[in-house]
Amino acid sequence: MVFLGIIVTVVGWLIAVFSLTLTTSNSGRLGIVMAGIVVSLTGILGVLNQAYMKNAIWKR
Amino acid sequence: MRKVLLAFVFVWSVALPGVVLAQAPAPAAEPAAASPQAPAAAPAPAPVMLTDADIKNISGPSADDRAKGDPAGTMTGTATDIPRSDAAKGLTLADLVNQVGQNQVAINFVWTLVTGFLVMFMQAGFAAVETGLTRAKNANHTMMMNFMVYGVGMLAYWLIGFAIQEGGVGAVANLGGTAPLSAEQTITLFGKTVGIFGKNGYFLMHNGTYDVGVMVMFLFQMVFMDTALTIVTGTAAERWKYAAFMISSFLMGAFTYPLFANWAWGGGWLATLGSNFGLGHGYCDFAGSGVVHAVGGMTALALGILIGPRIGKYNRDGTANAIPAHDIVLVLLGCFILAFGWFGFNPGSTLGASGNGNLRISSVAVNTMLAGMAGSFGAMLYMWIRYGKPDASMSGNGLLAGLVAITAPSGFVNPVAAVIIGLIAGVIVCLSVEFFDRIIRVDDPVGAISVHGVNGLWGVISVGLFADGKSNYGGSWNGVSGSVTGLFYGDAGQLVAQLIGVATLVGFVFTMSFVINLVIDWFVGQRVSAKAELEGLDIPEMGSLGYPEFVLKAE
């Protein structure tokens with residue numbers, strides 16, 4: 001789960017970078033970059049953090 | 001593990017087909033464009049021709065007069081004080097012109113150095129805030145992390161980091177050129193040549209970087225880097241193994257921070273999003289909401305997740321307990337020190353006070369103080385309305401949040417926008433602290449993730465919204481003519497460039513920080529033992545108590 005979280009987070013960044021070549025319109029790029037940010041945040045807060053929460057010190 | 005690494009490499013190779021490694025010197029800095037709006041009505045007056053003969057007749061006070069002293073100050077600083085290149089010829093036009101050039105660079109040197117000294121003093125503010133917000137049993141440990149992060153960060157930056165960040169920045173006109181910083185590693189991204197890291201300046205001796213302008217640049221950039229590093233110690237306080245802190249800080253000062261700083265400030269790919277891909281003026285971050293604060297905040301978030309919450313922070317059902325600060329007086333004093341240092345942080349980021357539109361330092365300084373004020377009001381009012389009391393520590397964090405948020409836009413926005421940005425930051429910091437504390441359950445003893453990470457990102461975005469197109473630093477920014485202009489003033493492309501910066505901070509910087517600290521965790525261990533944590537880290541980690549005459553309560 002930790003490594004999945006890392007990969008999802010990086011993929012979100014790559015989506016944002018690829019907005020530079022997928023379209024030339026500002027609104028199109030804006031949408032793609034926003035989607036990339038959401039994917040990265042999902043990787044951090046939804047996957048990576050949850051992986052660590054499973055064994056959190058207060059659950060032991 | 002190997003499979004995971006292979007997968008990671010595969011993703012890179014598949015995802016970046018347009019990337020071709022190439023080695024090329026950084027392009028020479030573009031000449032500044034002419035001022036975009038020159039009045040055209042009245043005919044220009046005839047030029048006054050000066051010759052060496054005119055200059056020769058200028059005389060200063062005699063040596064006899066000078067020997068009598070100058071209590072009124074009218075005889076000091078005259079033509080007599082201008083050095084002559086040839087005593088036999090006397091004062092020439094060339095002497096005069098050279099002196100004007102040196103005066104401009106000297107003003108900019110002094111400005112940049114003194115503002116750098118102010119930023120260095122912010123370390124004291126961070127130390128006071130973080131130590132005050134944690135418990136007395138960890139005072140020595142927390143203070144010592146804040147103390148030594150200055151040294152370990154500086155060492156890493158001198159050895160490696162500065163070259164990566166600034167090694168290819170090119171000529172910085174305000175500082176007289178910095179010509180030796182001219183080698184940037186470039187790649188081809190989607191058909192455009194973009195920079196990814198600098199290569200000159202290792203040890204400040206490499207490839208001609210033993211240079212007065214480079215020294216000014218190093219001092220100023222070094223204290224910025226150290227600010228980013230010290231943000232992390234707050235989030236990991238009260239449970240971070242000291243040896244892990246040392247290694248983590250060194251690697252951040254050597255690689256993580258300089259890499260993103262190169263991309264944003266060193267001529268890297270984010271800075272050229274405007275000239276290469278038509279996105280406004282590229283990623284614009286005047287003084288570092290993203291480069292400094294969000295990099296620190298994203299690293300703090302990575303470490304906060306990795307290291308886990310303090311013992312006693314959460315109950316078995318996941319509800320959070322408040323762990324009160326041990327010295328709120330120290331916290332607010334630290335906030336004031338930081339606010340003072342911010343007058344170096346933002347106005348100093350012009351890297352000069354003379355020439356190239358640098359008189360805007362007044363506007364930058366006023367924006368900074370207004371946003372800090374608005375941030376403290378925003379947080380105080382939010383806490384007062386929601387909880388019935390004007391919470392002191394959150395008011396302090398509101399001040400810092402406002403300052404963090406205005407750091408990127410301070411050079412590009414007007415005072416009304418500065419107040420709006422600061423006010424929103426003050427509310428954001430309160431909401432964000434609650435979010436991380438109660439929903440995400442990342443324990444952050446000082447609120448660094450919210451103050452620096454979340455509001456750093458807000459500051460970056462706010463440039464893309466509020467930049468009013470009135471600033472003019474030599475006629476161009478990031479190689480694009482004209483002034484930086486945000487969405488509310490007509491340029492949607494600038495907002496896209498800022499959001500790509502945000503995506504890089506969240507997706508790349510966070511990941512790089514997380515992986516570095518994960519590896520440290522494998523080899524050294526990030527967290528102290530439960531016994532040491534309960535006892536307090538002062539004796540187990542540092543060998544002496546911060547407050548030896550206090551009677552500390554055991555848990």
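Colleague: Which residues have the most contacts inside the largest nonpolar core, and how many residues does that core have?

Modeller: The largest nonpolar core has 168 residues, and those with the most contacts inside it are B:V295, B:L499 and B:I500. A nonpolar core here is a set of buried Ala, Val, Leu, Ile, Met, Phe, Trp, Tyr and Cys residues joined through C-beta atoms within 7 Å. Buried means that 20 or more other C-beta atoms lie within 10 Å of a residue's own, exposed means 12 or fewer, and partly exposed lies in between, with C-beta atoms placed from the backbone. Please keep in mind that this is a predicted model, in which local features need pLDDT of at least 70 and side-chain atom pairs count only at pLDDT 80 or more, while totals for chains, interfaces and linings use all residues. As for the labels, residues are numbered from 1 along each chain as its sequence is written, chains are lettered from A, and ligands are numbered from 1 in the order in which they are written.

Colleague: Which helix gives the most to this core?

Modeller: Helix 15 of chain B, residues 492-523, gives the most, with 15 residues. Helices (H or I, at least four residues) and strands (E, at least two) are DSSP runs, numbered from the N terminus.

Colleague: And what is B:L499 in contact with?

Modeller: Leaving aside neighbours within four places in sequence, B:L499 is in contact with A:L30, A:V33, A:M34 and A:I37 of chain A, and with B:I461 and B:G464 of chain B. Two residues are in contact if their C-beta atoms, placed from the backbone, lie within 7 Å.

Colleague: How many residues does the contact between the chains take from each?

Modeller: The contact takes 29 residues from chain A and 33 residues from chain B. On the chain A side, helix 1 (2-22) and helix 2 (26-53) each supply at least two residues, and the largest share, 15 residues, comes from helix 2. That side of chain A divides into 21 nonpolar residues, seven polar and one charged; Ala, Val, Leu, Ile, Met, Phe, Trp, Tyr, Cys and Pro count as nonpolar, Asp, Glu, Lys and Arg as charged, and the others, Gly among them, as polar.

Colleague: Is chain A a compact globule or more spread out?

Modeller: Chain A has two helices and zero strands. Its radius of gyration is 15 Å, well over the 10 Å that the globule rule gives for 60 residues, so chain A is more spread out than a compact globule. The radius is taken over C-alpha atoms, and the globule rule is 2.2 Å times the number of residues to the power 0.38. Along the principal axes, the C-alpha atoms of chain A fill a box of roughly 50 × 15 × 10 Å, and 43% of its 60 residues count as buried.

Colleague: What about chain B, how many helices and strands there?

Modeller: Chain B comes to 17 helices and five strands. Its radius of gyration is 26 Å, close to the 24 Å that the globule rule gives for 555 residues, so chain B is as compact as a globular protein of that length. The C-alpha trace of chain B spans about 90 × 65 × 45 Å along its principal axes, and 54% of its residues count as buried. Among contacts in chain B between residues at least 6 apart in sequence, 76% join residues at least 24 apart.

Colleague: Switching to backbone angles, where is B:L351, and is it buried or exposed?

Modeller: B:L351 sits in the loop between helix 10 (328-345) and helix 11 (361-387) of chain B, and its phi is near 60 degrees, a positive value in a residue other than glycine. B:L351 counts as buried because it has 24 C-beta neighbours inside 10 Å. Likewise, phi of B:N478 is near 55 degrees, and B:N478 lies in the loop between strand 4 (476-477) and strand 5 (480-481), where it is buried with 21 other C-beta atoms within 10 Å.

Colleague: What should helix 11 of chain B span?

Modeller: At 1.5 Å a residue, its 27 residues should span 39 Å, and its end C-alpha atoms are 39 Å apart, which agrees; the expected span is 1.5 Å times one less than the number of residues. Helix 11 is followed by B:G388, whose phi is positive, near 90 degrees.

Colleague: Last one: where does pLDDT stay under 50 in chain B?

Modeller: It stays under 50 over residues 1-40 of chain B, for which the model has 47 contacts beyond four places in sequence; pLDDT is the predictor's confidence in each residue, from 0 to 100. Where pLDDT is low, the predicted coordinates should not be read in detail. Chain B averages a pLDDT of 91, with 92% of the residues scoring at least 70, and the model scores ipTM 0.98 and pTM 0.90.
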